[in-house]
Amino acid sequence: MPHTTTPLPSKTSIQLEDVESAAKPQRIIPTDYTDNNINQDENKRLKDVEISVPVVYGTMAFYLGKKANELQSHKWTVYVRGATNEDLGVVIKQVVFQLHPSFDNPIRVVESPPFELSECGWGEFEICISILFHDDVCDKHVDLFHLLKLYPDAESGPQSTKKPVVVETYNEIVFPDPSENFLARVLNHPAVYVPRLPAGFNLPAPVPSPNMNVKGKYDAKNHPLNHWFINFSEADELLKLASARQQKFWQQ
């Protein structure tokens with residue numbers, strides 16, 4: 001997993017809706033689109049269309065038991081994943097994790113899926129997660145914040161080396177008025193929800209983003225932590241229904 005230090009891009013505003021239920025996720029919309037990195041042929045945007053990408057971000061912490069000491073009591077992983085464990089590399093270019101400053105190299109960059117990193121430690125702290133997108137998607141980034149939780153709640157019983165402490169949040173990242181090239185690239189990708197195209201509507205042949213990972217597709221379904229991921233299938237079904245409503249635009 002690549003761990004490199006890099007300066008964070010300038011922050012951008014995020015539009016959020018105050019929704020607490022996992023069945024009705026927050027909608028995160030990167031704002032201030034610009035087209036500086038997209039050539040004129042790829043720049044045509046589809047008005048009144050939204051592309052939605054369900055994402056889950058969170059942490060999973062395992063107690064080290066007899067191997068624990070004062071400085072390393074838990075091994076934990078922080079990650080951004082698809083809501084149904086699909087490969088998000090088609091949309092996400094890289095994820096920057098900003099850890100507590102007590103860690104060596106506290107700013108870590110992961111440039112290909114799985115978008116995650118693992119560490120050992122003893123304390124809980126807030127992690128800033130910055131998601132950056134491919135050039136034809138959006139040139140801004142989204143900042144998310146997640147509190148690393150190591151210790152189970154009292155009602156969950158004592159710590160165990162066999163059962164991790166898992167805290168996850170389900171959100172939608174929404175891209176309004178997407179470029180034709182972005183839509184063409186992700187049209188049949190299982191991690192992305194797009195409106196159904198009307199019969200006879202033709203998109204241009206998709207042009208791969210210059211910074212797309214070409215090392216091969218990541219097999220998210222065989223992730224070693226899959227067994228412990230929270231199931232967000234109900235929220236995912238609601239997003240499918242919302243995506244289907246966009247068909248009204250194409251029928252006009």
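The model is a predicted one. The chain contains ten strands and three helices, and their order from the N terminus is β-β-β-β-β-β-β-β-β-β-α-α-α. Of the 252 residues in the chain, 46% are buried.

**Overall fold**

- Contacts between residues at least 6 apart in sequence join residues at least 24 apart in 72% of cases.
- The chain has an accessible surface of about 13,300 Å², and carbon and sulfur atoms account for 50% of that area.

**Nonpolar core**

- The largest nonpolar core is made up of 41 residues.
- Within this core, the residues with the most contacts are Trp76, Val91, Ile129, Phe133 and Phe175.
- At least two core residues come from each of the strands E3, E4, E5 (92-98), E7 (115-121), E8, E9 and E10 (165-176), and from helix H1 (180-186).
- Strand E3 provides the largest share of the core, with five residues.
- In soluble globular proteins, nonpolar side chains tend to be buried together.

**Strands E8 and E9**

- Strand E8 (residues 126-133) and strand E9 run antiparallel and are joined by seven bridges.
- In this pairing, Ser130 lies opposite Asp143 of E9.
- Strand E9 spans residues 141-147, and it is largely enclosed by the rest of the structure because five of its seven residues are buried.

**Gln94**

- Gln94 belongs to strand E5.
- The relative accessibility of Gln94 is 15%, which is under the 20% limit for a buried residue, so Gln94 counts as buried.
- Beyond its neighbours within four places in sequence, Gln94 contacts Val109, Val110, Glu111, Phe115, Ser130, Ile131 and Leu132.

- Leu71 sits in the loop that links strand E3 (50-63) to strand E4 (74-82).
- With a relative accessible area of 61%, Leu71 is over the 50% limit for an exposed residue and therefore counts as exposed.

Technical notes:
Residues are numbered from 1 along each chain as its sequence is written. This is a predicted model: local features need pLDDT of at least 70, side-chain atom pairs count only at pLDDT 80 or more; totals for chains, interfaces and linings use all residues. Side-chain values use heavy atoms; hydrogens and water are left out. Buried means under 20% relative accessible area, exposed over 50%, partly exposed in between (1.4 Å probe, protein chains only). Helices (H or I, at least four residues) and strands (E, at least two) are DSSP runs, numbered from the N terminus. Two strands pair if DSSP finds at least two bridges between them. A nonpolar core is a set of buried Ala, Val, Leu, Ile, Met, Phe, Trp, Tyr and Cys residues joined through side-chain atoms within 4.5 Å. Contact means heavy atoms within 4.5 Å. Accessible areas come from the Shrake-Rupley method with a 1.4 Å probe; for residues, only the protein chains shown count as cover.
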